[in-house]
Amino acid sequence: MSGPVIRNSNLEFFRSRAAQAHADAEAATLDNVRERCRRSEEAWMNLADKAERSERMKEAEIERRAAGELTSS
């Protein structure tokens, strides 16, 4: 396998935005702003988790197909 099939840049972007939201929450002085930033961080992390799961599923499918092609030859 030569490497990831989907865009790792999406995963990196999601994680970067989560990290920024976390930093914003830490720096916030108002409770409502801090909570908003924490919700944002959670949402970005959920997107990153989904992107990572999708990546693993696609890689597994490619490996299954490759294994199937090797055994059917």
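Mentor: In this predicted model, a polar atom of the arginine 34 side chain lies 3.1 Å from the backbone oxygen of alanine 28.

Trainee: What makes the pair of arginine 34 and aspartate 31 a polar contact?

Mentor: Their side chains come to 2.6 Å. The cut-off for such N or O pairs is 3.5 Å, so the value qualifies as a polar contact.

Trainee: Why is arginine 34 called buried?

Mentor: Its relative accessible area is 19%. Buried means under 20%, so arginine 34 counts as buried. In the protein, 16% of the 73 residues have that label.

Trainee: Where is arginine 34, and which residues does it touch beyond four places away in sequence?

Mentor: Arginine 34 sits in helix H2, residues 31-72. With residues up to four places away left out, it touches Ala25, Ala28 and Thr29.

Trainee: How many aromatic pairs does the whole structure have?

Mentor: The search finds 3.

Trainee: Why is the pair of phenylalanine 13 and tryptophan 44 called edge-to-face?

Mentor: The ring centres are 5.6 Å apart and the planes stand at 90 degrees. Pairing needs centres within 6.5 Å, and edge-to-face needs planes over 60 degrees apart, so both conditions hold. The pair links distant parts of the chain, with phenylalanine 13 in helix H1 (residues 8-27) and tryptophan 44 in helix H2, 31 residues apart. Ring pairs join Phe13, Phe14 and Trp44 into a cluster.

Trainee: How do you know whether phenylalanine 13 is buried, partly exposed or exposed?

Mentor: Its relative accessibility is 45%.

Methods:
Residues are numbered from 1 along each chain as its sequence is written. This is a predicted model: local features need pLDDT of at least 70, side-chain atom pairs count only at pLDDT 80 or more; totals for chains, interfaces and linings use all residues. Side-chain values use heavy atoms; hydrogens and water are left out. Helices (H or I, at least four residues) and strands (E, at least two) are DSSP runs, numbered from the N terminus. Buried means under 20% relative accessible area, exposed over 50%, partly exposed in between (1.4 Å probe, protein chains only). A polar contact is a pair of N or O atoms within 3.5 Å; within protein, one must be able to donate a hydrogen and the other to accept it, and residues adjacent in sequence count only if both atoms are side-chain atoms. Contact means heavy atoms within 4.5 Å. Rings of Phe, Tyr and Trp (its six-membered ring) pair if their centres lie within 6.5 Å; planes under 30 degrees apart count as stacked, over 60 as edge-to-face and the rest as tilted.
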